[in-house]
Amino acid sequence: MSEPLVVGRIGRPHGIRGEVSVDVRTDDPESRFVPGTAIATDPVTAGPLTIERKRWHSGRLLVRFAGIGDRDAAEELRGTWLLVDPGDIPPSADPDDFHDQELLGLAVVTTDGTEVGRVADVLHHGQDLLVVRGAGGEKLVPFVAALVPEVDVPGGRLVIDPPPGLLDES
């Protein structure tokens, strides 16, 4: 069985009736967080959790899970990772579409071959950002074609074409 894919992380409770905020880690939250869906968790002892309802509030996904009826129960879930089996996600027809887990760990080099580090995380904040950790510290690289002209998942590397200043120490 392949490694489960992270689709979210439970944040703080919202209100007093058991809703929680979810830090979305998927490009398709509408199909991942469907009411009635059971979702695996890490730690495994927290789940599986069944989505009772979901809604968007001020740009944040709020979810209520079955059996979580108050703020205290919701607080106990804080920090829990929400997981899906990669086999449950259909492959994309777009060759430029990647799941976060495909990018994690890829070596990052510039177009001239300079090693920058490795992809440590992918953030989804209005614009996708690659968190690249290397000898020069942690850098945020916008995940756009102009700055990331090549992604070679089978080869284990990602090529960036950084504008002046992007990789400077700050």
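Predicted model: local features only at pLDDT ≥ 70, side-chain atom pairs only at ≥ 80, totals over all residues.
Q: Helices (H or I, at least four residues) and strands (E, at least two) are DSSP runs, numbered from the N terminus. With that rule, where is the place of P43?
A: P43 sits in the loop between strand 3 (38-42) and strand 4.

Q: Which peptide bond has omega near 0°, and where is its proline found?
A: The bond from G47 to P48 is cis with that omega. P48 is found in the loop between strand 3 and strand 4.

Q: What makes S58 stand out in its phi value?
A: S58 is not a glycine, yet its phi is positive, at about 55°. S58 belongs to the loop between strand 4 and strand 5 (60-65).

Q: Why is the pair R55 and E19 called a salt bridge?
A: The term requires a side-chain nitrogen of Lys or Arg within 4 Å of a carboxyl oxygen of Asp or Glu. The N to O distance between R55 and E19 is 2.9 Å, so the pair qualifies. It joins distant parts of the chain, with R55 in strand 4 (residues 49-57) and E19 in strand 2 (residues 19-24), 36 residues apart. The whole structure holds eight salt bridges.

Q: What are the bounds of domain 1 and domain 2?
A: Domain 1 covers 5-88 and domain 2 covers 100-160, bounds that come from an automatic or database domain assignment. Their C-alpha centres are 28 Å apart.

Q: How do you know that domain 1 and domain 2 are in contact?
A: Contact means heavy atoms within 4.5 Å, and four residues of domain 1 are in contact with four residues of domain 2. The buried area (accessible area, 1.4 Å probe, lost on putting two parts together and summed over both) is about 370 Å² between them, with 45% of it from carbon and sulfur atoms. On the domain 1 side, L5, V6 and R25 supply 77% of the area buried against domain 2, more than any other three residues.

Q: What makes D121 and R25 a salt bridge?
A: Their side chains meet at 3.6 Å, N to O, which is under the cut-off already stated, so the pair counts. The rule finds one salt bridge across the interface of domain 1 and domain 2.

Q: What does UniProt list for residues 6-85?
A: An unreviewed UniProt entry lists them as "domain: RimM N-terminal"; such annotations may be inferred rather than shown by experiment. Over residues 6-85 the chain is 12% helix and 49% strand, and the end C-alpha atoms are 9 Å apart.

Note on methods:
Residues numbered from 1 in each chain as written. Heavy atoms only, no water.
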